[in-house]
Amino acid sequence: MLAPIHDRLKAELTQLKDQQRYRQLPNLEHQGRYVISHGKTLLNIASNDYLGLSGDIALQHEFFENLQQLPTAHLPKMSATSSRLLTGNDAQLQLLENELAQWYELAGGEYGGNKKAALVINSGYHANIGILPALTALPVKTLILADKLVHASIIDGIRLSQNKACTYRRYRHNDYAHLATLLAQVEDTVERIIIITESIFSMDGDRADLPALVQLKAKDARIELYVDEAHAVGVLGKQGCGLAEETQTLADIDYVVGTFGKAFASIGAYILCDDTVKSWLVNHMRPLIFSTALPPINHAWSRFILAKMPELQASRQHLAQISVQLGQAISPSHRASSAPQDVSYQSPIVPYILGDNARTIAKAAQLQAAGFYALPIRPPTVPANTARIRLVMNAKITTADCARLIEHL
Ligand SMILES: Cc1ncc(COP(=O)(O)O)c(C=O)c1O
């Protein structure tokens with residue numbers, strides 16, 4: 001590397017340190033619901049393992065025992081070795097897609113949700129940066145309207161979608177009056193409007209009002225809904241299909257994105273959409289076409305967890321109960337400004353907002369000293385002056401653990 005560039009990078013990194021924004025990769029070991037950091041055992045309240053499945057040793061044993069029953073020739077491979085369009089479209093992947101479609105059919109069936117197709121993608125990041133540019137590749141005048149707080153992967157997907165035909169605007173977080181105003185301003189020449197939201201917001205832990213979005217959609221035939229359920233899948237809904245299941249809006253959402261790296265304790269993602277869109281994505285979605293598929297062994301694990309999802313309702317209920325217990329203990333001055341007034345269950349993500357970076361870092365250190373693996377989240381991950389500890393519950397955390405955490409807030 002050229003010396004002047006090296007010096008410049010160093011100077012920028014020093015500046016990040018001065019602004020308390022320098023990031024470092026932590027060294028961690030995992031043990032059930034705990035992590036071991038610098039030799040200290042801490043309750044993990046920072047991961048997205050909402051159902052606590054990643055540390056469930058019994059579950060892992062069951063998975064490996066099932067594998068041992070298989071003839072060696074049928075053992076899922078450890079690598080796909082190429083993209084799905086070459087040799088990577090393994091049987092495990094196809095089974096996983098069929099089972100996902102069935103899962104959603106079951107979740108939507110009670111209220112007439114029509115059957116959709118599932119397409120598995122390597123990660124939620126790949127999904128969001130790949131689907132949007134593919135959807136907007138046609139020369140059709142398109143406007144994307146996205147919630148102000150959508151995840152970085154969606155923002156990157158929107159950036160990659162901008163072309164002569166596609167523009168975008170952001171509406172204030174969960175402010176559907178603002179969204180309606182923007183919709184009223186859309187020119188007649190716009191042929192297509194894609195509204196994008198998360199269902200549970202990753203950093204604020206609050207929910208989108210999906211029925212309200214469906215109502216808006218019903219007013220204009222040009223509108224399509226794109227909902228990222230990364231933090232709701234496995235967590236909400238009787239089958240675990242997320243907020244769309246819980247609010248019975250599945251049939252009205254054109255593109256449902258889910259991920260396996262959080263409540264599923266696996267890796268990967270998927271989109272649920274109609275068959276034609278699936279074929280379009282297979283032909284145009286660059287991260288799917290130009291990246292090696294995930295290993296079949298990984299898809300086998302995702303299938304194993306998927307089969308268990310409907311049975312995990314008791315875990316989801318416990319998770320809701322401790323999340324409300326924690327949420328009620330956060331004083332209004334530490335809640336997100338957009339947080340609903342009542343403290344009804346939103347999600348397992350409970351932000352504890354301190355505003356200032358240094359204060360947030362100090363609070364995280366204090367919680368770590370008290371035995372909790374709590375992490376500071378700072379801008380640019382969250383908006384300026386809203387640095388926070390993102391407290392995250394999971395179903396293996398006990399009511400007593402939660403009460404002890406509350407004592408230290
Ligand atoms: C809302 C949302 N979408 C997508 C992603 C990316 O998912 P993945 O970790 O599978 O890349 C995340 C990651 O945290 C997220 O919060």
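So, a polar contact here is a pair of N or O atoms within 3.5 Å; within protein, one must be able to donate a hydrogen and the other to accept it, and residues adjacent in sequence count only if both atoms are side-chain atoms. With that in hand: an oxygen atom of the ligand sits 2.9 Å from a polar backbone atom of tyrosine 125. Glycine 124 puts a backbone N or O atom 2.7 Å from a ligand oxygen, and lysine 262 does it with a polar side-chain atom, also at 2.7 Å.

Quick caveats. This is a predicted model, where local features need pLDDT of at least 70, side-chain atom pairs count only at pLDDT 80 or more, and totals for chains, interfaces and linings use all residues. Residues are numbered from 1 along each chain as its sequence is written, and side-chain values use heavy atoms, with hydrogens and water left out.

Okay, aromatics. Rings of Phe, Tyr and Trp (its six-membered ring) pair if their centres lie within 6.5 Å; planes under 30 degrees apart are stacked, over 60 edge-to-face, the rest tilted. The whole structure has 11 such pairs. Tryptophan 103 and phenylalanine 264 go edge-to-face, 5.9 Å centre to centre with 85° between the planes. Phenylalanine 260 also pairs edge-to-face with phenylalanine 264, at 4.9 Å and 65°.
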